[in-house]
Amino acid sequence: MSTFNAPKGTFDTLPPASAEFLAVRDTLVAPLRRAGYGYIETPTFEDTTVFARGVGESTDVVAKEMYTFTDRGGRSLTLRPELTAGLMRAFIEHRMYAGALPVKLWSVGSVFRYERPQAGRYRHFTQVDVEALGVDDPALDAEMVALATQGYRDLGLTGFELLLTSLGDETCRPQYRELLVAFLERLDLDADTRARAALNPLRVLDDKRPEVQAQLADAPLMVDHLSDSTRAHYDAVRQHLTDLGVTWTEAPRLVRGLDYYTKTTFEFVHDGLGAQSAIGGGGRYDGLSAALGGPDLSGIGYAVGVDRTLLAIRAEGLDVVTSAGMQAFVVPLGAAAKSFAVRLVGQLRAAGISADTVYGDRGLKGAMKAADRSGATHAVVVGDRDLAEGVAQLRDLRTHEQVAVPLGELLDRVRATVGS
Ligand code: HAM
């Protein structure tokens, strides 16, 4: 019989390593809760148009990387290649803009992109996503950047850098775009790159090939052509960031893979990851709500790649799992003891103590091995003879000290002991 592997570009997260994944996810989320962000959950798939219009037809994400399918009712659906467009769809659908603004949301979940798999680049990965919708205030841009920074710091990461720029808005980007197009037309570029320049000239700035980069040294940059309003907005963001103690690197050539960005745009890169160095990124988007049929309201947000952040943590040799494993392990010896163990484990768990026991016929040696492997600090060893005498043995698995405890006191004694 043939067996199956996880699909190309995907992987399974198994215990005990999965505890690290959960710790990273939860640590990234903690600062959001403290800042008043509410949890939102949207479907893993949306109408394909949500992404085509939201993320932009000219992006690689939409043009090449979407998992799109037709359902049995003939609808074109797409597994989400990012969370922002879906969250915006929900914001509009539920008229959340009619209440107090900004609407602050966070979510976490699976994201799908048909990319060429390599270290740190997967076809299924997890993002923590954060959005503040409905208000265009530079202080909110700074809050976003500071929240992301806080999450990384709380994990103990130090080898990351914040790249920051402004992509302008409709008051200056069209003029800049013309300048850039005129500049690119004068260069010696191959047909493919010319086609890209016609579709999305900004993306050419991101071309990694040395022969292209060499020609781009004098390319006009958006930050040098900001309108007064976007310049003032960017200056205010930077002042707030300075006040918040956040440091950054100006990145005037930063190009993001999604088309909705305007004004403040940022990316976090980590030096321990090789080619796929972005551990998070985001920015403001003025036109996304309107593009999805909503009111003309701005928003800002970011997403952190949980899997890449975990790789960064490993690259820095950090230990993120702080929560203890199992506390108590019950070892029954004999049939009557087995029923007692099942009951005791239930009572311990109900009392908030993490507890486990052996299943299957393991014998004393196997059971004690399982107790050690569980990471529990204490074992309750109970045989049929103990039960007849009305006691159980409470054993400290670190010191191997053991005391007989009357059954009536057992629960309280375990509770008092495992905390120590
Ligand atoms: P993004 O930069 O496309 O932004 O993705 C955010 C993060 O997801 C990246 O920095 C990276 O850590 C992770 N990531 C992206 N692609 C992969 C992959 N193939 N494998 C593993 N990790 C990956 C967005 O998705 C925007 N929606 C962020 C945003 C929210 N902007 C505004 N609001």
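At what angle do helix α1 (residues 17-34) and helix α12 (residues 306-315) pack, and how far apart are their axes?

## Basis of the description

This is a predicted model, in which local features need pLDDT of at least 70 and side-chain atom pairs count only at pLDDT 80 or more, while totals for chains, interfaces and linings use all residues. Residues are numbered from 1 along each chain as its sequence is written, and side-chain values use heavy atoms, with hydrogens and water left out.

## Packing of α1 and α12

The two helices pack at an angle of about 110 degrees, with their axes 10 Å apart; axes are lines fitted to C-alpha atoms, for helices over the stretch in contact, and angles run from 0 to 180 degrees between N-to-C directions. Helices α1 and α12 are therefore roughly perpendicular to each other, a term that covers angles of 65 to 115 degrees. Helices here are DSSP runs of H or I with at least four residues, and strands are runs of E with at least two, numbered from the N terminus.

On the α1 side, Ala17, Glu20, Phe21, Val24, Arg25 and Leu28 meet Val306, Asp307, Thr309, Leu310, Ile313 and Arg314 of α12, where contact means heavy atoms within 4.5 Å. By class, this contact of α1 with α12 has seven nonpolar, one polar and four charged residues; Ala, Val, Leu, Ile, Met, Phe, Trp, Tyr, Cys and Pro count as nonpolar, Asp, Glu, Lys and Arg as charged, and the others, Gly among them, as polar.

## Surroundings of the ligand

Of the 27 residues around the ligand, Glu82, Thr84, Glu115, Arg256 and Tyr261 come nearest, a residue being near if one of its heavy atoms lies within 4 Å. By class, this shell has ten nonpolar, nine polar and eight charged residues. Strands β6 (124-133), β10 (278-285) and β11 (299-305) each supply at least two residues of the shell, and the largest share, seven residues, comes from β10.

Polar contacts are pairs of N or O atoms within 3.5 Å. A polar side-chain atom of tyrosine 261 lies 2.6 Å from a nitrogen atom of the ligand, and one of tyrosine 260 lies 2.9 Å from a ligand nitrogen atom.

## Backbone features

The peptide bond from proline 15 to proline 16 is cis, with omega near 5 degrees, and proline 16 is found in the segment before α1. Lysine 263, in strand β9 (residues 262-270), has a positive phi of about 55 degrees although it is not a glycine.

Methods
A polar contact is a pair of N or O atoms within 3.5 Å; within protein, one must be able to donate a hydrogen and the other to accept it, and residues adjacent in sequence count only if both atoms are side-chain atoms. Angles under 35 degrees count as roughly parallel, over 145 as roughly antiparallel, 65 to 115 as roughly perpendicular and the rest as oblique.
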